[in-house]
Amino acid sequence: MPTSHQPQALKTMKKFFLFCLFLIGLGWAISNFSGLANQGSYDSIVLDFRESIGEQEIANQVRTIAEKYQIVPYLNSEFSQADNVYVVRGDEKLLKSLRKSLGKQTEFIEPNYIYRVDEIPDKNSQAAIIYDTVNTIPNDPLYGQQWNFRSINIEGAWSETQGEGVTVAVIDTGVSRVPDLEQTQFVEGYDFVNDKIEAFDDNGHGTHVAGTIAQSTNNNYGVTGIAYKAKIMPLKVLSAGGGGTISDIAEAIKFAADNNADVINMSLGGGGESHLMQEAIDYAYSQGVVIIGAAGNSGENCAGYPARYPKVLGVAALDAAGNKTPYSNFGAGVDIAAPGGLIQGENQVGGILQNTIDPSTGEAVFVAFQGTSMAAPHVAGVAALIKASGVTEPNQVINLLKESARKVAEDPLNHFGAGHLDATNAVHKALQGQITFRDFFRWLRDNGYLNPRFWIDGGAVALLPKLAMVLGSYLLAWFLRNYFPFQWGLSFTGGLIAGSSGLFFLRGFYIFDLPQWPMRIMGSSVPELGSAIQGNTVLNPIFASVLIPAILIVLLLGHPQWKWIAIGMTIGTASCLGINAIVSPTVWGLGTGWVSQLFLIFNALLCFGLARLAIKTQVKTV
């Protein structure tokens, strides 16, 4: 007897060994995957010395570095002394050497990554745009061309608040007092690029962003701003060329928090994860600051830094029709969507119009820009309105922004996060008082978030139909087993799941820096595979038919194990097609009516009949 079982035992051990090798290889690949966290560019290094080693020892270490490497570490700015943050010019070779020699004396040593304005090259216009005066609520003559403000439903919010008493820090290229910002209130900021108090703009990006937030309004001139009675704190961290280091950005975040900013807007980004930046964000959040970040303009399936940090609200960009713009990032890290504009050729109407400077002359111009840089200040402005309405805690402001957003029914790729920004709805909810657990629970229920896709940042899968598909496949299998007894093993169960629902919870699982289509394929049943890569819900008639199960039955029926996968998959497909015929009868080329229903039901019956025939044949053979 032991001899007869030996070949089977060897086969089992071989399968187990191969499975272990697969897991080890997968783990190694994931652990060594270089995502956006390590893809940033830098030409300097940040050293954060431990406070516990004392000032004298820090001075000794700085002197040692200068003597050993012939470079002098320097405090990043006048605000760096308290945190013992030094910067030294260097590359990857110096970074590794410093980490090896100074690891015990520092909190961390990391690249001083360079972030940039989230702009789209050759698309942002620098020409003045002149339009006729229109009759609108504000008396600003160009307000009629600010489609983006009507898109976020701003006018109802203005009847309640205009952002009084709230300070918004604009961490950008600086802000210049162009004519349409003359009536806007400013508080003292700082220029971290040139280490001076006056944070003037020499690029035009920061002034444009500040205009969206708080352009002077009802002044019979130019355009309007969202929270036009809020105060602007200009913090310059990006040079005239649009680039800046994380050390300057991190210090600007702390400066804003220490100087009573209520909201921070960061329309900038890049690659490279930073402990220094994370600490600054956590600190500002703990001080009650709401932090808004642009998702990025790479058209990739995850937000860039700093928008992807957990306490930063990542904003994607919409065009005038409410669609995601082609350039906007999406997927993991996107929390909400707001107008970012889309300029097509010489037609500037689809852009975001504000008053800023022409960097080549320094003159004030009305300019249409596009980008997630333009989307983020819309959210920052509405956050200011919420704060002015009496809601102060960052988590409550963020929850209100998400709860009040106009939800998009189908968003399998997470283009929109919680939905489209809605200023009036946000302010009205803020004025209703603090959100209770009952209110929050009701919102979760009404928006369909009481299922696993909410917990894994999904937005792609309806739970009940999927459970019905799985349950239906098990009931069909149980029915057949009563008439044709067969052994119910793991292969058969796997086939049932693959045919009926797939690992459906994976369809809404977004992982930073990794493509989404593998998750959508693994999370799809056989009938859904035809539309899995595109991410839509329209069934492909080739996959949503008896064709694929029939091919599998023909190919695998002679195999002792795989035949049960094919049979289980055929039964699961029958269940999936039957449920879809009732819940969502949408087939490509057949529409959404009774023709699609008949097609799905007919093929479901064919699949069931094919499975019955295959099982009957196998039982007779046995």
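**Contacts, bridges and backbone in a predicted model**

User: T184 is found in the loop between β6 (167-172) and β7 (185-186). Is T184 buried or exposed?
Analyst: The structure is a predicted model, in which local features need pLDDT of at least 70 and side-chain atom pairs count only at pLDDT 80 or more, while totals for chains, interfaces and linings use all residues. Residues are numbered from 1 along each chain as its sequence is written, and side-chain values use heavy atoms, with hydrogens and water left out. Buried means under 20% relative accessible area, exposed over 50% and partly exposed in between (1.4 Å probe, protein chains only). With a relative accessible area of 2%, T184 is therefore buried.

User: Which side chain makes a polar contact with the side chain of T184?
Analyst: T184 touches R177, A214, Q215, S216, A230 and I232, leaving aside residues up to four places away in sequence; contact means heavy atoms within 4.5 Å. A polar contact is a pair of N or O atoms within 3.5 Å, one able to donate a hydrogen and the other to accept it within protein, where sequence neighbours count only if both atoms are side-chain atoms. At a distance of 3.0 Å, the partner of the T184 side chain is that of S216.

User: How many salt bridges are counted?
Analyst: A salt bridge is a side-chain nitrogen of Lys or Arg within 4 Å of a carboxyl oxygen of Asp or Glu. Among the pairs that meet in this way are K236 with D202 at 2.8 Å and K402 with D335 at 3.9 Å. By this rule the count comes to nine.

User: How many residues apart are K236 and D202?
Analyst: K236 lies in strand β9 (residues 231-236), and D202 in the loop between β8 (190-191) and α6 (205-214). K236 is buried at 1% relative accessibility, whereas D202 is partly exposed at 33%. The pair links distant parts of the chain, with a separation of 34 residues.

User: How many residues apart are K402 and D335?
Analyst: K402 belongs to helix α10 (residues 394-404), and D335 to the loop between β14 (312-318) and β15 (336-339). K402 is partly exposed, at a relative accessible area of 25%. This pair too joins distant parts of the chain, and its separation is 67 residues.

User: What is the order of strands in the open sheet of four?
Analyst: The edge strands, each pairing on one side only, are β2 (74-75) and β4 (106-111). Two strands pair if DSSP finds at least two bridges between them, and two bridges join β2 to the antiparallel strand β3 (residues 85-89). Helix α3 (residues 92-102) packs on the sheet, touching β1 (44-49), β3 and β4. With antiparallel pairing, the order is β2-β3-β1-β4.

User: How many disulfides does a search of the whole structure find?
Analyst: A disulfide is a pair of cysteine sulfur atoms within 2.5 Å. The sulfur of C576 is 9.7 Å from the closest cysteine sulfur, that of C607, which is too far for a bond. C576 is buried at 0% relative accessibility, and C607 is buried at 0%. The number found is zero.

User: Which residue is joined to Y305 by a cis peptide bond?
Analyst: Omega of this bond is about 0°.

User: N260 has a positive phi although it is a residue other than glycine; what is the value?
Analyst: N260 lies in the loop between α7 (246-258) and β11 (263-266). At 62% relative accessibility, N260 is exposed. Its phi is near 70°.

Conventions. Axes are lines fitted to C-alpha atoms, for helices over the stretch in contact, and angles run from 0 to 180 degrees between N-to-C directions.
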